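Hi everyone, thanks for coming. Today I'd like to walk you through some side-chain contacts, one pair at a time.

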Amino acid sequence: MAKLFDPISFGGVTLKNRLAVAPMGTIHAADGGVSEEQRAYLVERAKGGFGLIYPSAHTITDEYEHPHSSGNFLCNESHAQRLKLLADEVHQYGAKLAIQLSPGYGRVNVGTPETTTHVSASEVPAFWHPDHKCKALSVEEIHTLVEKAGKAAKMAKDAGVDILEVHAYGGYMLDQFISSCWNHREDEYGGSLENRLRFIREFYEAIRAAVGPEYPVSVKFTPQHSFHGGRTLDNEGVEIVKILDTWGFSFIHLDHGCYEVWNKAIPSAYDEPGSQLFIARRMRQEGITTPFLVQGKLNYAPQAEAALMDGTADMIAMGHQSLADPYWPSKVQQGRLDDVVYCTACNECLNSAVRIPGSCAINPLSCKETKYRLEPTKNPRRLLVVGGGPGGMYTAALAAELGHDVTLWEKDGKLGGLINAAGAPDFKVDMRRYKEHLIAQLYKHGVKVEFMKTADEASIDAFKPDAVILATGAESVRPPINGIDGENVVTAYDLLANGVPVGERVVVLGGGHVGCEVAIDLEERGKKVTVVEMGGPLVEEADMSANMKLGLKERLNRAHIQIHTYAKMVDIAPREVVVETERGFIPLICDNVVLASGFRASGALAKALEDKPYPVFPIGDCVKPGKVYDAVHGGFHALRKLG
């Protein structure tokens, strides 16, 4: 992985490696300044070996937007002073600090019309409030924003920021001016491409004038939006990058997508690794010579290294991977690949962002660096973990690492639990890597693993534990349907995790996110698949982030799957099922039925252990069917309580 750890220089700034923490909006202070929690979160990534650290974008004025609905702000000395604290601490670990300067979010500001003055290039609908029209910025207001860009740049440089980046991508304010789909102006800032680029040009020139000719300034830009009416590579995308290539930027931070197709900008589990590399490859083919910072599920070190080696990229940015494991660089550089906590691309960090800012499904310490810290135990316990799913494996390995004597019982002959099914489809490689990491950590930290071990009250008492973690999972729900116990009926788990064979025609009962994954997997194997769902449109009600839903819908739309919604399966025969719909009863010929109709927890063992002299901590699906997030966080907090 030599190239990943080669230094690279821009002007007078040298980065120790080619790895950057991508900018992500999280845990800023109430006024938009860098909070103590945000500083600790970013510094942890500097400690972990990343060469370049980005906080969230810094808006240069609070006239139109407010911190409760945006990222960071840089428009007064208090903001600058806290930015300096961040820069100084990041520098202590050999990393450099870059910040993006933005005139604002414009039409994609999440603020409500009652609390926010949505402004944009033109009177276009606000993205989150489509019945509300944005106010078009006046020429005078544009000039004021340009002036404030220069002031913010000067404050940033004086605060010790190493690189400034023009925030001109993804459908945010500057991109709204650049893009004809949002810019309908008829003055000098609209119409021709030259006019639509005027605001970003003036914005950049104000920054350059404030920091001098040698100071590194980059730009983040989206050559392809990938939604109907948006920019494409062949429709102005390549042309604009060729123009930016002549302006003297230190590097171009390439991006893909926008809020309309959020999974392009922030890839989901359903998007391919290296999903944005095609843009950089095209730009190289077009002769662009400015260095590129690229991103998009490049957390598998060999793929990231290859992108650098073949010249597609000059630097790699990691967003969600840096949440999952802030020490990715140091682990990879030391060859400790089994220790890397691979991001599963579940995007729970987005799904839970409103209630738990920055939270990561598989790293409970993410953005909680000042709140939680587990230390090696001073009171080692004999700890029994029941269940070898993700929650059980994570908790057992962590407990052993902290110094406890840990035994894990697994009732089957393999570890993984429901994650064996979740990671089975070809497109769920991220989840498989996480499972392999968990298994490696169990054995690395000396957990005693016993297979084919059924836990009950008597066997647990005989073990004489000091504490018990119950991670026994959940069981598939079997609806009361005639024929549900037939030999042609298999569960989604058995199909995916155990490789139970099915015939050519398959009906999947349940159109939730598990049912949709099963259906896509079967269709990609060449099966003829039908999904039967009692509710409405598939995926809509799933507890998933918006970009996960977009990614899953995109795969569903590409597949040739027959879908029956508002439909109830009433009978299962050896060669067909009968479905009741609004149009009456419909027979569907099939070889097999796959049950993806949900799970239920079994609390019997937890109840039997209620009055024991040792503490018992039920976690994950045995409490309530949920996600990897619930299992991992449940285990983490159980160990915190254990002490």
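**Cysteines and salt bridges**

Let's begin with the disulfides (pairs of cysteine sulfur atoms within 2.5 Å): the count here is zero. A word on the source: this is a predicted model, where local features need pLDDT of at least 70 and side-chain atom pairs count only at pLDDT 80 or more, while totals for chains, interfaces and linings use all residues. Residues are numbered from 1 along each chain as its sequence is written, and side-chain values use heavy atoms, leaving out hydrogens and water.

Buried means under 20%, exposed means over 50%, and partly exposed is in between, using a 1.4 Å probe and protein chains only.

Now, salt bridges: a side-chain nitrogen of Lys or Arg within 4 Å of a carboxyl oxygen of Asp or Glu. The count comes to 39. One of them joins Arg 555 and Glu 272, at 2.8 Å from N to O. Arg 555 lies in helix H20 and Glu 272 in the loop between helices H8 and H9, so this pair ties together parts that are 283 residues apart in sequence. Helices here are DSSP runs (H or I, at least four residues), numbered from the N terminus. Arg 555 is buried at 6%, and Glu 272 is partly exposed at 48%.

Finally, Asp 234, Lys 242, Arg 282 and Glu 286 are linked in a salt-bridge network.

Methods
Helix = DSSP H or I, 4+ residues; strand = E, 2+ residues; numbered from the N terminus.
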